[in-house]
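Dear colleague,

I am passing on the structure below, and after it you will find my notes on what came out of it. Please read them with the coordinates open.

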Amino acid sequence: MAFSGADLVRAAALLGAGISMGFGAIGPGVGEGFAAGKACEAIGRNPKEAGLLTRTMLVGQAVSESTGIYSLVVALLLIFVV
Amino acid sequence: MDISLYAKVAAFLGAGMAMGFGAIGSGIGEGYAAKKACEGMGRQPSVADELLRTMLVGQAVAESTGIYSLVIALLLLFYDFSNVRFIQIPAFFSAGLCMGLGAMGPGVGEGFAAGKACEAIARNPETAPIVIRTMLVGQAVAESTGIYSLVVALLLIFVI
């Protein structure tokens, strides 16, 4: 099996892409689910504030999502640009 | 030693990691949903049907990332290795790692949302429709990182 140094760099970049997106997806998944769960709990306790709670949940989840999107961008850069 | 042998080694390791890690999150999350549904039924047996339905819907959503992992693992296991290139060796391994780890977070988070929805319905059964809607919206957002992982894994298997 013959491969050059450039092949090795590309191999490392592809491995890095998988690690980046894999670990990067853990945090937002847990955090956004936690926000959704607590929003459900609060709406069950106080249904009149459902609109406010849903809006707050979505804003919080959007912020929490940002690191997942960074991971996606880095993974795509490692696959297609490096 | 030819490349297809190394590609098989990498793909089978990747398949194992995809399904192994991917099962952790869904398992924890669905177990939490079941726990909260049982607690709610113990507190309010009259809403047991509603709780069972909510629990199953929430668990079905939490299961989805586990199913993505299974799909990636099967794709890696049954890939046609007859003319692979060197660069596909790390790509197979990386695809399994990406989908396996990426399935953990959404599985746990969506299961947590399902559990809390069951808790809220047991406490205040007339809020069930709005709680279930909020649960599904929240789970859809939490699912997004799992879908990113699936997309990256598919790119690594079929586009590289």
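To begin with a single residue of this predicted model, B:Ala95 is, once its neighbours within four places in sequence are set aside, in contact with A:Gly18 as well as with B:Gly14, B:Ile72, B:Leu76, B:Ala153, B:Leu156 and B:Ile157. B:Ala95 also belongs to the largest nonpolar core, a set of 74 residues in which it is listed with B:Leu76, B:Phe92, B:Ala117 and B:Leu156 as having the most contacts inside the core. Two or more residues of this core come from each of α1 and α2 of chain A and from each of α1 (3-43), α2 (48-77), α3 (88-123) and α4 (128-158) of chain B, and α3(B) gives the largest share, 20 residues.

As for the contact between the chains, 43 residues of chain A and 50 residues of chain B take part in it. On the side of chain A that touches chain B, α1 (5-45) and α2 (50-80) each supply at least two residues, with the largest share, 31 residues, coming from α1(A); sorted by class, that side holds 25 nonpolar, 11 polar and 7 charged residues.

Chain A itself has 2 helices and 0 strands, and its C-alpha trace spans about 65 × 20 × 10 Å along the principal axes. Its radius of gyration is 19 Å, whereas a compact globule of 82 residues would have one near 12 Å. Of the 82 residues of chain A, 45% count as buried, and among its contacts with a separation of 6 or more, 80% are between residues 24 or more positions apart.

With best regards

Notes. Residues are numbered from 1 along each chain as its sequence is written. Chains are lettered from A and ligands numbered from 1 in the order in which they are written. This is a predicted model: local features need pLDDT of at least 70, side-chain atom pairs count only at pLDDT 80 or more; totals for chains, interfaces and linings use all residues. Two residues are in contact if their C-beta atoms, placed from the backbone, lie within 7 Å. Helices (H or I, at least four residues) and strands (E, at least two) are DSSP runs, numbered from the N terminus. Ala, Val, Leu, Ile, Met, Phe, Trp, Tyr, Cys and Pro count as nonpolar, Asp, Glu, Lys and Arg as charged, and the others, Gly among them, as polar. The radius of gyration is taken over C-alpha atoms; the globule rule is 2.2 Å times the number of residues to the power 0.38. A residue is buried if 20 or more other C-beta atoms lie within 10 Å of its own, exposed if 12 or fewer, and partly exposed in between; C-beta atoms are placed from the backbone. A nonpolar core is a set of buried Ala, Val, Leu, Ile, Met, Phe, Trp, Tyr and Cys residues joined through C-beta atoms within 7 Å.
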